[in-house]
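Welcome, and thank you for taking a look. Let us walk through this structure together, one part at a time.

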Amino acid sequence: MYDFAYQKPASVADAVKLLATGPEAKVIAGGQTFIPVLKQRLNKPSSVVDLAGLGLSGISVSGNTLTIGAMTTHATVARSAEVKKAIPGLAMLASWIGDNQVRHRGTIGGSLANNDPSACYPAAVLALGAVVKTNKRAIKADDFFQGMFTTALEPDEIITAVEFPLPVEKSAYEKFRQPASRYAMVGVFVAKGPAGVRVAVTGAGQNGVFRVPEMEAALAKSWSADAIAGVKVSPEGLNSDIHGSAAYRAHLITVMARRAVAAAG
Amino acid sequence: MPFEGIGASVKRREDGRFLAGRGRYVDDMNRPGQVYAYIRRSDRPHARIKHIDIAAAAAAPGVIAVYTGADMAADGIGGLPCGWQIHNKDGSPMAEPLHPVLAIGKVRHVGDPIAVVIAETKTQAKDAAELLVIDLEDLPGLADIRAATAAGAPLVHDDVPGNVCYDWHIGDKDAVDAAFARAKHVVKLDLVNNRLIPNAMEPRAALGECDVAGHYTLSTTSQNPHVIRLLMGAFVLHIPEHKLRVIAPDVGGGFGSKIYHYAEEAIVTWAAGKLRRPVKWTAERSESFMSDAHGRDHVSHAEMAVDESGHFLALRVSTLANMGAYLSTFAPSVPTYLYATLLAGVYKTPAIYAEVKAIFTNTVPVDAYRGAGRPEAAFLLERLVDAVAHDTGIDRVALRRANFIPADAYPYQTPVALQYDSGNHEMTLAEALKAADYAGFPARRAEAARRGKLRGIGISTYLEACGIAPSQVAGALGARAGLYEVANIRVHPTGSVTVFTGAHSHGQGHETTMAQLVADQLGVPLDQVDVVHGDTGEIPFGMGTYGSRSLAVGGSAMVKAMDKIIAKGKRIAAHLMEAAVEDIEFKDGAFRVTGTDKAKALAEISLAAYVPHNYPIEELEPGLEETAFYDPKNFTYPGGCHVCEVEIDPETGVTKVVNFVAVDDVGRVINPMIVEGQVQGGVAQGIGQALLEGAAYDANGQLLSGSFMDYTMPRADNLPNITVGTEITLCTHNPLGSKGCGEVGAIGSPPAVINAVVDALKEYGVRHLDMPATAEKIWSIIQANRPKMAAE
């Protein structure tokens with residue numbers, strides 16, 4: 001990697017100030033995407049601002065909200081009794097991200113801010129109608145994801161927490177893994193909760209996570225795997241690469257969605 | 001004391017240091033004054049080098065030198081040598097275009113080295129390499145062998161017409177044509193053997209040094225340091241052997257990819273001489289993908305002539321083999337003498353004719369990779385046999401049995417040059433079918449169908465050849481090196497033993513197996529024997545480790561050296577015990593006078609040899625150390641039967657290997673645990689090739705699978721429990737009876753897996769599919785054939 005200045009502020013306000021020092025200042029959360037990018041010299045930041053000292057980690061349930069701090073690791077979410085009870089599908093999703101090492105370093109805030117089109121968390125956040133809290137504002141999931149590696153975040157904006165509305169009646173995630181990287185080639189999160197019935201797909205779309213309205217309508221009428229078995233997703237706008245054509249991904253969306261619905265019970 | 005001799009599953013003594021992170025690899029070595037090399041490589045498949053401007057890089061902080069191909073040429077350095085010469089059908093030699101150490105004139109594959117930057121730190125070298133201004137003019141590139149042979153295809157080497165390296169053949173074409181003319185059935189099959197990227201755990205590395213007296217040392221990740229010394233010293237850098245020491249310390253896996261002499265070894269050694277500072281290079285993982293020799297990459301057409309009762313009459317094979325952009329060290333031998341000579345397999349097919357065209361493309365050079373030619377032969381033959389069963393309706397097990405070379409037909413001369421010494425294919429087949437509960441498969445298939453899964457079972461009855469030999473024959477076939485092995489056995493004064501072997505261990509556990517062999521034969525405790533390997537400064541000579549040769553050839557050399565030790569010991573013992581030499585026998589570590597209770601332990605003899613106060617000094621030299629060069633009389637022929645059972649999820653196309661049985665005949669086994677480990681690892685690689693792995697290039701030669709994000713290595717959850725059994729016949733021509741076990745797993749397994757996948761898909765009209773049988777490929781087949789099934 002190239003040389004850069006490393007900074008570890010103790011408050012969100014200080015972190016924001018440091019980010020304003022230059023256009024090439026970058027945030028590091030868990031670093032599970034960013035560090036490999038640095039090692040391959042694909043990014044040349046002037047400084048790296050580490051969010052590990054901001055106290056943004058933790059999980060709590062208050063009233064009808066499950067709040068997960070931005071710096072909470074996937075491993076913490078996966079084993080959290082609160083998450084397992086309130087939204088079992090979310091704990092399941094977190095337990096399948098990367099490998100054990102990645103799960104102990106990678107964070108929910110980092111994953112969302114990066115918005116890798118193959119990342120798992122965007123599917124859960126969109127399907128559950130979560131709210132992304134930043135140092136400036138609260139952003140609805142529907143507004144947050146704006147395409148591949150693109151979000152509503154402004155350059156000096158830092159995710160502080162993610163709020164999931166409760167109660168969630170049904171939730172499950174099914175992932176078809178890209179065989180080499182094990183990222184989601186097709187990941188489908190299905191949910192029934194305060195945001196309604198939602199089906200969100202990651203990995204497949206050229207523009208990142210998206211919803212499948214035909215499946216949502218069918219599941220709203222009847223929550224069963226059979227209800228969506230006949231829903232065909234168009235390959236239009238889906239990724240195609242050496243691991244799978246758009247048509248294959250389109251097919252897998254229906255298969256994974258059905259299996260997720262079955263798993264959600 | 002537990003039994004630790006031949007046949008004992010002694011735990012690997014080298015694992016302590018490996019597991020504790022105390023292995024000593026090339027990159028662990030650091031020398032005072034050491035500098036770092038970074039190699040700027042081509043990111044284009046094919047381009048003309050118009051100009052290289054090194055000024056900015058040379059002026060960058062910490063930079064000591066920047067060299068290009070022109071600098072090496074100015075020092076009289078030509079190209080990297082090829083160690084095997086094939087002749088064309090017409091008797092002319094193969095095309096052998098220049099393989100420059102650093103590119104000259106053109107770059108020919110992604111990863112081709114263009115320039116080296118040497119700096120005080122690795123980061124400085126890498127930073128400066130970005131400042132090199134390299135003006136390239138893109139040329140049309142080629143990755144696919146068929147495209148490279150098309151009329152008007154661009155030329156990888158301007159001096160190699162049609163991109164053809166050689167057009168070679170073997171066998172009796174007329175006899176084959178005649179047999180086809182009278183055949184009842186002719187079964188045809190087109191196959192691709194997918195290109196693989198080796199991915200040893202330890203990336204390649206090299207550290208060059210040169211002292212004030214002009215003595216060079218190269219520490220390198222090699223499977224055969226003496227071969228590197230010979231090739232690099234004599235043919236590239238012109239350093240005589242006595243001034244060049246090559247060390248291959250702990251090496252983390254090779255699978256063939258660390259046999260060859262690579263550009264980086266020559267670069268760091270040459271640069272160390274020019275700069276008089278140690279120069280180190282360590283590959284980054286992405287460099288491994290684009291610079292380690294790849295494996296396989298064949299396109300073949302095969303035809304079997306079969307009579308009315310299912311007997312094979314003749315086999316006809318035509319293969320295109322991808323050489324990549326240049327000839328790697330042993331590349332020409334792989335699709336010829338390691339492939340076409342194995343096309344008889346375990347069958348008594350009386351006539352075989354094979355023609356092989358080796359083709360240059362704009363891809364990473366291809367060379368031997370675990371199995372080297374034999375996996376390609378086994379895959380072709382075992383797929384073709386299943387296709388014969390499919391087309392004729394004969395049961396695939398019965399078909400194999402009807403065509404097996406019977407156990408009593410050994411030694412057996414094949415129609416493609418080799419003479420097999422021993423084997424019993426019925427025995428390994430029967431044992432494997434039993435272990436796999438082949439008879440119970442229909443019930444398991446029905447049970448899987450009830451769960452909506454497609455279950456299939458596949459078998460392969462394969463044979464391979466290890467320990468290429470003898471040297472004279474290999475030479476006649478084009479080898480430019482000998483293929484013997486060397487052992488030096490030093491019995492110390494107090495009776496402990498150091499074994500110096502020319503074989504090299506890079507994961508195989510030689511330090512344990514070879515110590516067991518020597519301890520057993522000399523009758524000394526295992527902890528009294530150490531094995532030294534991987535250093536031309538310590539070991540007399542050696543050809544290294546590949547082709548499963550270390551025990552069959554290297555171990556046999558040890559037996560020969562021990563024979564000399566024992567013969568000398570008998571003479572010393574006869575003197576000490578005042579008996580005739582003919583009356584001395586050596587057993588259980590002691591020299592005894594036959595028929596008496598008089599005996600001398602080996603340690604007493606060795607002490608007498610080194611402290612010769614009472615010693616037959618007029619007849620014998622002091623000391624107890626012997627060297628043997630062992631040149632085998634023939635290849636060895638391991639073989640066996642692999643049975644694979646798979647379950648396919650028809651909704652996703654995902655194949656799960658649910659059971660795998662390998663019953664192999666590897667000859668005499670020294671350490672069953674290590675043999676099992678070798679087979680398990682080989683099977684893992686074979687399942688990887690069959691279902692997951694495949695180097696992907698675009699049509700132009702851009703590498704698409706250049707990292708673990710896109711190249712699918714098998715992982716633990718891709719693999720079943722693998723049941724390993726051994727049923728042996730002894731090799732008849734080496735003193736150990738051992739055949740070799742390093743590659744059987746990777747050779748026997750791919751056809752077993754694909755035969756199982758094809759079996760699972762038989763209701764969809766599938767007769768063959770190429771590797772890797774990825775989920776999408778299988779899903780597409782199911783989709784395409786669904787309407788047909790529905791219509792039926």
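Which residue in β5(A) is the bridge partner of A:Ser62? The partner is A:Thr65. Before going on, a word on the ground rules: this is a predicted model, in which local features need pLDDT of at least 70 and side-chain atom pairs count only at pLDDT 80 or more, while totals for chains, interfaces and linings use all residues. Residues are numbered from 1 along each chain as its sequence is written, chains are lettered from A and ligands numbered from 1 in the order in which they are written, and side-chain values use heavy atoms, with hydrogens and water left out.

Back to that pair of residues. Strand β4 (residues 59-62) and strand β5 (residues 65-69) of chain A run antiparallel and are joined by four bridges; two strands pair if DSSP finds at least two bridges between them. Their hairpin has two residues between the strands, and here A:Gly63 takes a positive phi near 60°.

Now step back to see chain A as a whole. It has twelve helices and twelve strands, where helices (H or I, at least four residues) and strands (E, at least two) are DSSP runs numbered from the N terminus. Chain A is divided into domain 1 (1-55) and domain 2 (170-264), with bounds that come from an automatic or database domain assignment. The C-alpha centres of these two domains of chain A lie 34 Å apart. The C-alpha trace of chain A spans about 55 × 45 × 30 Å along its principal axes. Of its 265 residues, 54% are buried, meaning under 20% relative accessible area, with exposed over 50% and partly exposed in between (1.4 Å probe, protein chains only).

Chain B comes next, with 20 helices and 28 strands. Its radius of gyration is 27 Å, close to the 28 Å that the globule rule gives for 792 residues, so chain B is as compact as a globular protein of that length. This radius is taken over C-alpha atoms, and the rule is 2.2 Å times the number of residues to the power 0.38. Along its principal axes, the C-alpha trace of chain B spans about 95 × 75 × 50 Å, and 62% of the 792 residues of chain B count as buried.

Finally, look at one residue in chain B. B:Val611 sits in the loop between α17 (602-610) and β25 (625-630). Why does B:Val611 count as partly exposed? Because its relative accessibility is 35%.
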